[in-house]
Amino acid sequence: MGINVIKACVKRCVCPSDPQSAQSNFVHPLSDSFGCVFYRNPAAQYVLPVLDKIFQIVRILNELYDPLQQQKFDSSYCKLLDITDADKSMILGIPVVENPQQLKTASDHVRFYLHNLHDACLHILCNAPFFLRCPPKAYDEIMVFLAGLCPFMLRKLNCIWEIFKSKYGTSVGYEDHLTETEEILEDQLNRVLTREYLSFLVDLLTKQSSCSTESIRAVFVCTAFDSLRWLDTTANIKAILLSELVFDKIMEEGLVQQIQEANYLLQSVLYGIQELVNMNQI
C-alpha cells in the first residue's frame with residue numbers, strides 16, 4: 001500500500017503551470033548553488049526521505065535472482081520469481097485472457113506480490129528526478145551511479161549478442177531455430193532490454209551539453225559503436241542515433257587524439273554496415 005502511494009505521488013504530482021506559483025513554492029533549494037532556477041516535484045519533500053528504503057528494497061529483490069542466493073531456496077520456492085503468465089503473453093504477443101474460474105494458488109499470489117512490488121519500486125526510481133530530469137549543472141553528481149551501471153550493461157549486452165551470434169550467426173530466419181517458448185521469451189526480453197537501454201542513453205545524451213565525465217566517457221563511446229553490431233534492427237536504429245550523438249560530442253570536444261581511437265570508430269561503423277547488409281537492411 002505504502003509503495004503504491006509513493007508511486008502515485010511521483011507519477012502524478014507536477015509543478016503548477018503558473019510560473020509565479022511555481023517560483024513561490026517549488027523552486028529547488030539547490031538552484032542558487034547551480035546558478036539557475038529549476039523546480040522540484042511537489043511530492044519531493046515526502047518522497048526523498050524514503051528513497052533510501054526504496055533502494056534497499058530493490059537491492060533485496062535483485063539479489064533474489066542471484067544464482068548463489070537461489071541455491072539456498074527450497075525447490076518449492078524456485079518458481080516464485082518466474083515471470084507472470086500475463087507478462088509472458090504480452091511479450092509473446094498473445095492476447096491476455098483471464099479465466100475467472102481458475103483459482104489462484106498461494107504461490108501465484110506471492111509471485112504476483114513480488115512482481116508488483118518490484119515493478120512499483122522501479123517506477124518510483126524511474127520517475128524520480130534523477131537522470132533525465134536532473135538539471136544540467138548537476139550531471140556530475142549522478143555520474144557516480146552511471147559509472148557503475150554503464151560498464152555493467154555494456155558487458156552484459158555484449159555477452160548477450162555474442163552468444164546470439166555464435167548460436168544463430170545472423171538475425172535473418174533465426175526464429176526458425178527457436179523451438180521452445182522459454183527460448184523465444186528470453187530472446188524477446190533481451191531485445192527489449194537492449195532497445196530500452198539504448199533509448200535511455202539517447203535521451204540522456206540529448207539532454208547533456210557534453211559527453212559525460214571522463215570516468216564513463218569511454219563506456220558511452222564503446223556502447224554507442226559496439227551496439228551497431230548487435231543483431232537487432234530496432235536496436236541498430238537506436239544505435240545509429242546514439243553513435244551520431246556521441247560522435248558529434250567527441251568531435252566537438254576534441255576527444256579523438258590517437259590513431260587507434262579513430263580506427264576503432266571507423267571499424268565499428270564498417271562492422272555495423274556489414275551486419276545490416278547481412279540482414280538485407282541496406
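Is Asp232 buried or exposed in this structure? With a relative accessibility of 2%, Asp232 counts as buried, where buried means under 20% relative accessible area, exposed means over 50%, and partly exposed lies in between (1.4 Å probe, protein chains only).

## Basis of the model

This is a predicted model, in which local features need pLDDT of at least 70 and side-chain atom pairs count only at pLDDT 80 or more, while totals for chains, interfaces and linings use all residues. Residues are numbered from 1 along each chain as its sequence is written, and side-chain values use heavy atoms, with hydrogens and water left out.

## Overall fold

The secondary structure of the chain comes to 12 helices and 0 strands, where helices (H or I, at least four residues) and strands (E, at least two) are DSSP runs numbered from the N terminus. Of the 282 residues of the chain, 34% count as buried. Among contacts between residues at least 6 apart in sequence, 70% join residues at least 24 apart, a contact being heavy atoms within 4.5 Å.

## Helices H8 and H9

Helix H8 covers residues 139-168 and helix H9 covers residues 181-207, and their axes come within 11 Å and cross at roughly 145 degrees. Such axes are lines fitted to C-alpha atoms, for helices over the stretch in contact, and the angles run from 0 to 180 degrees between N-to-C directions. H8 passes H9 in a left-handed crossing, that is, one in which the near helix is turned anticlockwise from the far one by less than a right angle, whereas clockwise would be right-handed.

Residues that make the contact include Leu157, Trp161 and Phe164 of H8 and Arg191, Tyr197 and Leu204 of H9. By class, the contact of H8 with H9 has 14 nonpolar, 2 polar and 4 charged residues; Ala, Val, Leu, Ile, Met, Phe, Trp, Tyr, Cys and Pro count as nonpolar, Asp, Glu, Lys and Arg as charged, and the others, Gly among them, as polar.

The structure holds 2 aromatic pairs, which are rings of Phe, Tyr and Trp (its six-membered ring) with centres within 6.5 Å, where planes under 30 degrees apart count as stacked, over 60 as edge-to-face and the rest as tilted. One of these pairs is formed by Trp161 and Phe164, which are edge-to-face at 5.4 Å centre to centre, with 65 degrees between the planes. Both residues lie in helix H8, 3 residues apart, about one turn of the helix, and both Trp161 and Phe164 are buried.

Asp232 lies in the loop between H10 and helix H11 (233-252). Not counting residues up to four places away in sequence, Asp232 touches Trp161, Arg191 and Arg195.

## Val221 and the cysteines

Val221 is found in helix H10 (residues 214-226) and is buried, with a relative accessible area of 13%. Leaving aside neighbours within four places in sequence, Val221 is in contact with Val246, Ile250, Tyr264 and Leu265. Val221 and Val246 are 25 residues apart in sequence but 6.4 Å apart in space, C-alpha to C-alpha.

Cys222 is partly exposed, with a relative accessible area of 26%, and Cys159 is also partly exposed, at 43%. When a disulfide is taken as a pair of cysteine sulfur atoms within 2.5 Å, the count comes to 0 disulfides.
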